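Here is a friendly walk through one protein chain, for a reader who likes to check geometry against the coordinates. Please keep the viewer open as you read.

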Amino acid sequence: MAAPASTDPLVTIAQACATGAQTLHDLQRACGCGERRLRDHLRELERLAPDRLSHQTCDRRLHYRWTGPLPLRTDPWIDEHTLAALVLARGLLHNAGDTTDSFAGPLDGAIDRLLTDCDLAQQIVHISPDTVQERRFAACPECPQTLTVLLDALLHQRHLRFDYTNLRGNRGPVHTAPLRLVLIAGEWHLIAWTGDVPPGSDHLRQYRLARITHARTSAEAPVGRPDHLSASIVDDKLAEAFGATGDRDPRARQRVVLAISPQAWPHLRDRTWGGNQHWDHTPADLPPGWHRLAFVTSGLPEARFRILGFGATVIAEQPPELVTWLREQARQILEQTKPANAATRQSAAIQVPAGGEA
């Protein structure tokens, strides 16, 4: 779809210069203005985009060229990359369950209004919500208003009060100092410092937004909140939590060692699974093409199910409790499938290299 003609003279100049070298006379005709006004426009455009508008003298005349993304408007400055980022953010924040072309949520609606206010609606009229979206398969969606309240608290350094329902179904009030929002496997999580915790427990907690209700900001800090909370404590938590849903309790830290088959290798390479991660790409005790991965995690419960999902293509070697748990799961799965005959039972058996367990 062709972009509509711009009434912004700076955009008109950039568009003309992007097609090839333009003289002052060429640009006067394109903008329909006098030389003095044109020079004012050129100075302003050079100020706004000094790395994109360039000029050189040829045949005693200045020739102007434009490189890089074209501006769609200059007040505020929005170019093609900025527009793409806004459309992407609008699509990712759009309610995945809403099949209409409307952006009615508090966040996707805000971006949609911004695009309209910037006279860019016609630039993207052909882009529907399902053109750019996040696939949140099996994710538990959060309330859009909850996400908005948490963003407000983070941006303005406010504290939070909300009700939280844990995995055991118990609900209670929480008073926190929010530190970071993290999107994990299609679900938003809040990392926060919480004052009211059992003695000896870590104050740095993780809350799933889908389990938060009645969120509201608070000027009152949680009891005992330190004067300074470094971003590094959140980085440490995320680095050693498999799936980033564990905690920083030193007793929960486990070193996991896995044997990775050629079939599983494309799915695991180039990813970070935990702290102190190490790959051995040529282990002498494994078949050719196998790899060995070792890392430290405080999220062993999450690691168990992720590893189980790879079946016999990933073999747990350490820690012993992980090996035992996976072996028991494999045994129960084989029993529950109840093969009809011995041949089927033999084909269902899991084959693993020596020294490993499924």
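## The chain at a glance

Please bear in mind that this is a predicted model. The chain holds eleven helices and 13 strands. Of its 358 residues, 38% count as buried. If you take the contacts with a separation of 6 or more, 59% of them involve residues 24 or more positions apart.

Setting aside neighbours within four places in sequence, I307 is in contact with V256, L258, V314, L322 and L326.

## F295 in strand 12

F295 has its place in strand 12. Its relative accessibility is 0%, so F295 counts as buried. Along the chain, F295 and V257 are 38 residues apart, while their C-alpha atoms are separated by 6.8 Å.

## Two helix pairs

Now for the helix packing. Helix 2 (residues 24-31) packs against helix 3 (residues 35-48) at an angle of about 95°, and their axes are 10 Å apart. The two helices are therefore roughly perpendicular to each other. On the helix 2 side the contact uses L24, L27, Q28 and C31, which meet E35, L38, R39 and L42 in helix 3. By type, the residues of this contact divide into five nonpolar, one polar and two charged.

For helix 4 (residues 80-93) and helix 5 (residues 108-117), the angle is about 150° and the axes are 8 Å apart. That makes helix 4 roughly antiparallel to helix 5. The crossing of helix 4 past helix 5 is left-handed. Helix 4 brings L83, L86, A89, R90 and L93 to the contact, and helix 5 brings D108, I111, D112, L114 and L115. Here the residues divide into seven nonpolar, no polar and three charged.

## Backbone details worth a look

Most residues other than glycine have a negative phi, and most peptide bonds are trans. Against that background, which peptide bonds are cis? One runs from D75 to P76, with omega near 0°, and P76 lies in the loop between strand 3 (71-74) and strand 4 (77-79). Another runs from Q318 to P319, with omega near -5°. P319 is placed in the loop between strand 13 and helix 10.

Two aspartates have a positive phi. For D59 the value is near 55°, and D59 sits in the loop between strand 1 (53-58) and strand 2 (61-66). With 64% relative accessibility, D59 counts as exposed. For D119 phi is near 60°, and D119 lies in the loop between helix 5 and helix 6 (144-155). D119 counts as exposed because its relative accessibility is 64%.

Terms used: Residues are numbered from 1 along each chain as its sequence is written. This is a predicted model: local features need pLDDT of at least 70, side-chain atom pairs count only at pLDDT 80 or more; totals for chains, interfaces and linings use all residues. Side-chain values use heavy atoms; hydrogens and water are left out. Axes are lines fitted to C-alpha atoms, for helices over the stretch in contact, and angles run from 0 to 180 degrees between N-to-C directions. Helices (H or I, at least four residues) and strands (E, at least two) are DSSP runs, numbered from the N terminus. Angles under 35 degrees count as roughly parallel, over 145 as roughly antiparallel, 65 to 115 as roughly perpendicular and the rest as oblique. Contact means heavy atoms within 4.5 Å. Ala, Val, Leu, Ile, Met, Phe, Trp, Tyr, Cys and Pro count as nonpolar, Asp, Glu, Lys and Arg as charged, and the others, Gly among them, as polar. A crossing is left-handed if the near helix is turned anticlockwise from the far one by less than a right angle, and right-handed if clockwise. Buried means under 20% relative accessible area, exposed over 50%, partly exposed in between (1.4 Å probe, protein chains only).
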